[in-house]
Amino acid sequence: MRLVGFYLFAAVAVLLPILFPDNYFVTVVGASAGLHVILAVGLNLLMGYAGQISLGHAAFFGMGAYTSAILTTRFAWPGLLAMAAGLLVAGVMAWLFARPILRLRGHYLAMATLGFGIIVHVIMVQAMHWTGGPDGLAGIPPLNLLGWTVEGDQQWYGVIIAAMLLTIWLSLNIVDSRMGRALRAVRGSEFAAQMMGIDTARAKTQVFVVSALFAAFAGSLFAHQQAFISPDSFNLMISVELVTMVVLGGMASTFGAACGAIALTLLHQGLVVFEDYEMLIHGGLLMVVMIFLPQGLFVGLSQGVRRVMNNSSIVLRYREIVSTKLSSSSR
Amino acid sequence: MTKPPSSLLKIEGLEQSFGGVMALAGISFQTPESLIYAIIGPNGAGKTTLFNVLCGFYQPAAGSLRLNGQELRGLPTHRIAALGIARTFQNLQLFFNMTVLENVMVGGHLRAKTGLLTAALRLPRVRREEQQLREWAKEALELCELADRAEQSASALPYGLMKRVEIARALAAKPRLLLLDEPAAGLNDTETIALRDLIQRIRATGITVLLVEHHMPLVMSVSDRLLVLDYGSVLAEGTPADIQADPRVIAAYLGGAVQYAV
């Protein structure tokens, strides 16, 4: 019962390429959406559940991508090993950074993470010798998974969707556990959380590291899938967009964040046609959603559906019939 | 009584000041085990400050606090909680982003072990522990007569029940010492009577209750011993009967006119 939503999500993701084989939109846009889902689900653990904002999350995405890219192109490391190194780098950086920074709250935390994101971006641009500077790094070899080389849009779609489902599953497990409740408690009342024996500083550090790991995981996949990366993929706008995905979909809901990520990815694709007006429409839509569905698209809509289900006359009539049947049969 | 009851909490010479104002000016007292110990005094007497020092929210300027001989001073709040102290708050600190059951399950945090990694992988051990936490939470809800509210959002409850959820959450931690900060504030008469019964049921489970409260009929009927604070100092200490007869208490707190009448 706990994982109904997860199976539904998985079914849709698997059926799409079967129903629409060789469809550019499904495989390429779908893979891009899948990576965004990984990023948004990870950021949602930090923002939605623990209530801590990060405006520099693209930095961890970039750390995963650049570690993979540099180690595979310059040192010919195998892809999976480089990916593990990327996770390690992002995890250790997040851990070092978390202790001092998560003492801050609200705007101050936003500013500090923003600064962090900018610094990492500057390093990507300036450390030319390692990162290739603004021109980026090309020629990243395809990912090799224990002898199987991932090639082509279809295969990449499969790998990214599998990775996405893994992260959704991990996220659902975390949320619905002692530690997940501890995170939500931190957001609800830090005082009370401490009084319940929760080491709030530690809990915040841990979730910051986990969300950085999710981002680095997506980054490594992204580097191999694209075969080319440049600092543009990890700048401030990307960080802001990740926050938008979480807020748009609905905070403190794993599927909310996932839907936000998919919605924003589709929106970008849909608005490519309008070129000059893209940002205008994008911003306008966000404002409309925030005004009318402040809890986010997914959370807001699902609450709306539940309200309709609870009140509509057909549903009420149906319930009446069921309850009379049940009571008569129990006699 | 054949032998004197052992003391659970022992406070000596506790001092705390805020920018020159002595909130606690050298307080000493000890609470025996499995009793209801009330702390009363006019507003600003230092009652809530005492609670906050006990919980490690403030670091005292001087003095010592011992729970079962273990010094609490200098420990962070979550470590103090781990030693067996739980509390409720004068102004509600519920987790409004969770259901009632989840709130109380957070109370059981210290009785479980699952870390982030094992939780993420949902090992069988985690599932068993979840089940155990749920049972503990339900026991606490049962004791507080909230079992039928378990699945509701904590934010959807009436005020009186919210206060009771805080008590259930504290009980789920299975504390040795429970601090109740004005549990009757904002409750009507029926709810206050139910609260009195609840506090007595809690004592019956062997938990020592430290009660800060202004509702005198409740305090006098439920407490085994009382401590009266005034301007951060101990004014009197004793059984409810002693306190009600103490002329200093009457003058300072229960009503100055009485001492002239006597």
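Reader: Into which domains is chain A divided?

Author: This is a predicted model, so please keep that in mind as we go. Chain A has a domain 1, covering 4–292, and a domain 2, covering 302–331. Between the C-alpha centres of domain 1 and domain 2 of chain A there are 41 Å.

Reader: Which way does the phi of Ala76(A) go, positive or negative?

Author: Ala76(A) is not a glycine, and yet its phi is positive, at about 55°. To find the residue, look in the loop that links α3 (58–74) with α4 (79–101) of chain A.

Reader: And is Ala76(A) buried or exposed?

Author: Count the other C-beta atoms within 10 Å: 12 or fewer makes a residue exposed. Ala76(A) has 9 of them, so this residue is exposed.

Reader: What about Ala227(A), and where is that residue found?

Author: Ala227(A) sits in the loop between α10 (200–226) and β4 (228–229) of chain A. Its phi is positive too, at about 65°, although Ala227(A) is not a glycine. With 14 C-beta neighbours inside 10 Å, Ala227(A) counts as partly exposed.

Reader: Let's turn to chain B. In what order do the four strands of its open sheet come?

Author: Going across the sheet, the order is β2-β1-β4-β5 of chain B, with antiparallel pairing. The edges are taken by β2 (21–32) and β5 (70–71) of chain B; each has a single partner strand, so one side of each has no neighbour in the sheet.

Reader: Which helix packs on that sheet?

Author: Helix α1 of chain B, residues 47–54, does, and this helix touches β1, β2 and β4 of chain B. The angle between the directions of α1 and β2(B) is about 70°.

Reader: How many bridges join β1 to β4 in chain B?

Author: Five bridges connect β1 (residues 7–18) with β4 (residues 62–67) of chain B, and the two strands run antiparallel. For one example, find Glu12(B): its bridge partner in β4(B) is Ser64(B).

Reader: What does the predictor's confidence look like for chain B?

Author: The average pLDDT of chain B is 91, and 95% of its residues score at least 70. Residues 257–262 of chain B, however, stay under 50, and the model gives this stretch four contacts beyond four places in sequence. Where pLDDT is low, the predicted coordinates should not be read in detail.

Reader: And what ipTM and pTM does the complex get?

Author: The predictor gives an ipTM of 0.90 and a pTM of 0.90.

Key:
Residues numbered from 1 in each chain as written. Chains lettered and ligands numbered in written order. Predicted model: local features only at pLDDT ≥ 70, side-chain atom pairs only at ≥ 80, totals over all residues. Domains from an automatic or database assignment. Buried ≥ 20, exposed ≤ 12 C-beta atoms within 10 Å, placed from the backbone. pLDDT = per-residue confidence, 0-100. Contact = placed C-beta atoms within 7 Å. Pairing = 2+ DSSP bridges. Axes fitted to C-alpha atoms, helices over the stretch in contact; angles between N-to-C directions.
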